Amino acid sequence: MLSWLLLPAAWAQAPSLSALAPSLEEADGPAPPKRELRAFWIATVANIDWPNQRGEAPEHYRREYRRLLDAGQRAGLNAVFVQIRPVSDAFYKSDLEPWSKYLTGRQGKAPAEGDDPLPFLIAEAHRHGMEFHAWFNPYRATMDSVTRTLAPLHPLKRHPDWFIKYSNQYLYNPGLPDVRAHITRVIMDVVRRYDIDGVHFDDYFYPYPEVGQVFHDELAYQNQNPDKLGLADWRRQNVNVLIRDLNDSIRSAKRWVKFGISPFGVWMNKSADPLGSDTRAGQPSYSNLYADSRLWLKEGWIDYIAPQLYWSTKFRLVPYATLLEWWTRNHFDRHLYIGHGTYRMLESTRSDTTWRTGRELPRQIRLNRDYPGDVHGSIFFSAKSVATNPLHTTDSLRLDLYRAPALVPVMPWLDSLAPRPVRELVLNRTARVTTLTWTPDLVPAADGDLAAYYVLYRFERGQVMGPNDPRRILAVVRPTNLGQPGTFADTTAQAGLAYAYYLTAVDRLHNESIPVRVFTEGKLPVEVLAAAPPAVATKPPVAARPAPRPPVAATPRPQPHPAADAVKTKPKEKPRRRGFFARLFGLK
């Protein structure tokens, strides 16, 4: 995205611009990142985060979910990762897998009142200004070996040959094509039927090795190995095929749905592979879980990686800073989000006690920001460790590191085109309140996208004008439906002061339009002002979406921004409107 810090000459014609000189130094220091993913995981397995109890009425689990999102919103988060398939079950209506017992108390039992929670979960996240990533555990089928309580719809009841018992659990056999097809079918059912923003996997692929336990996939290895690979390479290939094919399926169905994975934090130790990190982890994902996350990034099969760097900065075997630096060199221009082990602040164990101070999480986020072109944000495990404010670290986020809002980073390989700006922005200022209303442009951009939400900026005297500084964001407004007129009441504007307001339109992949600007002197008892975007010659928009792009797209050329618009000022008149650690989620 091109820089908007330079002020075009046309702006100088606005009467209030002499008071808003961009050459003055900002009084409150350098701006924090404007683009940064800030999120938490909401774990449903064993009711870690939500719902609080199994079998609750819909109004109860909805209220609890809102409280979690309220806490995340206060902390400055802009995305949520919700586990909707913990053990081959569903937190949504499905004809493929049964309702989750962690929701209703008994697997296969539907929620009261015929409720389908997922549309609510998505809509509420969007209402809180958050992306919604649907979190699937791909291979785990049960948390124990008791099968009599499984619902008739559970795949283990219908296809027992798909599963392997390992360490008192049942797991899908990744070596079977029918298993890969079923997992893909389950995920694509959600992608097609629900308005999710992303598909997310955690760190469970082949199981974490345990002493005395053997994963008996010998028959599949013998019958499903046409390339005659060694066992380790064959297992990695099985996972790679699922990731590659699922990415293709998502791109074909909805090009705006992201696909990302949160693997165990160490790919390989350098002592075993020269490409690995200078660490001494006991369960590297490449060799132990057969998860070649580095390859997925290199091939462009995933849009982001969120390695679980749950160790502290002073943990000698796997130091946070060492591992962080390794990932900054190995994400291959896909987004890198860091998974932080904030749950460790709630533990009382003797291992890695650095997490018992309130300084560790801020230290890690500052280290992330030392790599502004490589680290694109943070995800916290889990939601309770944000909502309960352990060691006052959530206060630290809210008051310092996340004191200004942030937009989710763009993914130009998915979409680099901004939506069209609003058709008109109207300001109505009285002594006590300034109300801004706008009319969206219902003509889609060339890629078929309409605006999904709007960002309103406000500038005072001496502040650099332009949508680069998140401290100037006054509000992020997301309408319930596309095409709705928007409004915002600014009750903090002081009488007698001049302000500039910028409004941008943003699509669901967070590309931001040129701003529509309006300037107010604040000297008259009542001001009514209107502004429209500049008239720019463009090709007729194409309403239909383009054909799906290949998994790895070429880097698009940057789109130049049109020249600044002239502002229409009409005082006192109505405007004339123009047309982790090994088994974290497994609880072991």
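Reader: Is phenylalanine 201 buried or exposed, and what is its relative accessible area?

Author: Good place to start! A residue counts as buried under 20% relative accessible area, as exposed over 50%, and as partly exposed in between, using a 1.4 Å probe and protein chains only. Phenylalanine 201 has a relative accessible area of 0%, so it is buried. Before we go on, please note that this is a predicted model, where local features need pLDDT of at least 70, side-chain atom pairs count only at pLDDT 80 or more, and totals for chains, interfaces and linings use all residues. Residues are numbered from 1 along each chain as its sequence is written, and side-chain values use heavy atoms, with hydrogens and water left out.

Reader: What share of the 588 residues is buried, and how many helices and strands are there?

Author: Buried residues make up 57% of the 588. Helices (H or I, at least four residues) and strands (E, at least two) are DSSP runs, numbered from the N terminus. Here they come to 13 helices and 20 strands.

Reader: How many aromatic pairs does a search of the whole structure find?

Author: Rings of Phe, Tyr and Trp (its six-membered ring) pair if their centres lie within 6.5 Å; planes under 30 degrees apart are stacked, over 60 edge-to-face, and the rest tilted. The search finds 31 pairs. In one of them, tyrosine 166 and phenylalanine 215 have ring centres 6.0 Å apart and planes at 65 degrees, so the pair is edge-to-face. It links distant parts of the chain, 49 residues apart: tyrosine 166 is in strand S4 (residues 163-166), and phenylalanine 215 is in the loop between S6 and H6. Both tyrosine 166 and phenylalanine 215 are buried.

Reader: Which angle and distance describe the rings of phenylalanine 201 and phenylalanine 259?

Author: Their centres are 5.6 Å apart and their planes stand at 85 degrees, so this pair is edge-to-face. Phenylalanine 201 belongs to strand S6 and phenylalanine 259 to strand S7 (residues 258-261), 58 residues apart. Phenylalanine 259 is buried, with a relative accessible area of 0%.

Reader: Over which ring does the charged end of arginine 140 sit?

Author: The general idea is that a charge sits over a ring if NZ of Lys or CZ of Arg is within 6 Å of the ring centre and within 35 degrees of the ring normal. For arginine 140 the ring is that of tyrosine 204, with the charged end 5.3 Å from its centre. Tyrosine 204 lies in the loop between strand S6 (198-201) and helix H6 (218-223), and is buried at 11% relative accessible area.

Reader: At what angle do helices H5 and H7 pack?

Author: Two packed helices are described by the angle between their axes and the distance between the axes. H5 (residues 177-193) and H7 (residues 231-253) pack at about 25 degrees, with their axes 10 Å apart.

Reader: Where is there a cis peptide bond to a proline?

Author: Most peptide bonds are trans, and most residues other than glycine have a negative phi. The bond from tryptophan 50 to proline 51 is cis, with omega near -15 degrees. Proline 51 sits in the loop between strand S1 (37-42) and helix H1 (58-75).

Reader: What is the phi of serine 88?

Author: Serine 88 has a positive phi of about 55 degrees although it is not a glycine. Serine 88 is also buried, with a relative accessible area of 0%.

Terms used: Axes fitted to C-alpha atoms, helices over the stretch in contact; angles between N-to-C directions.
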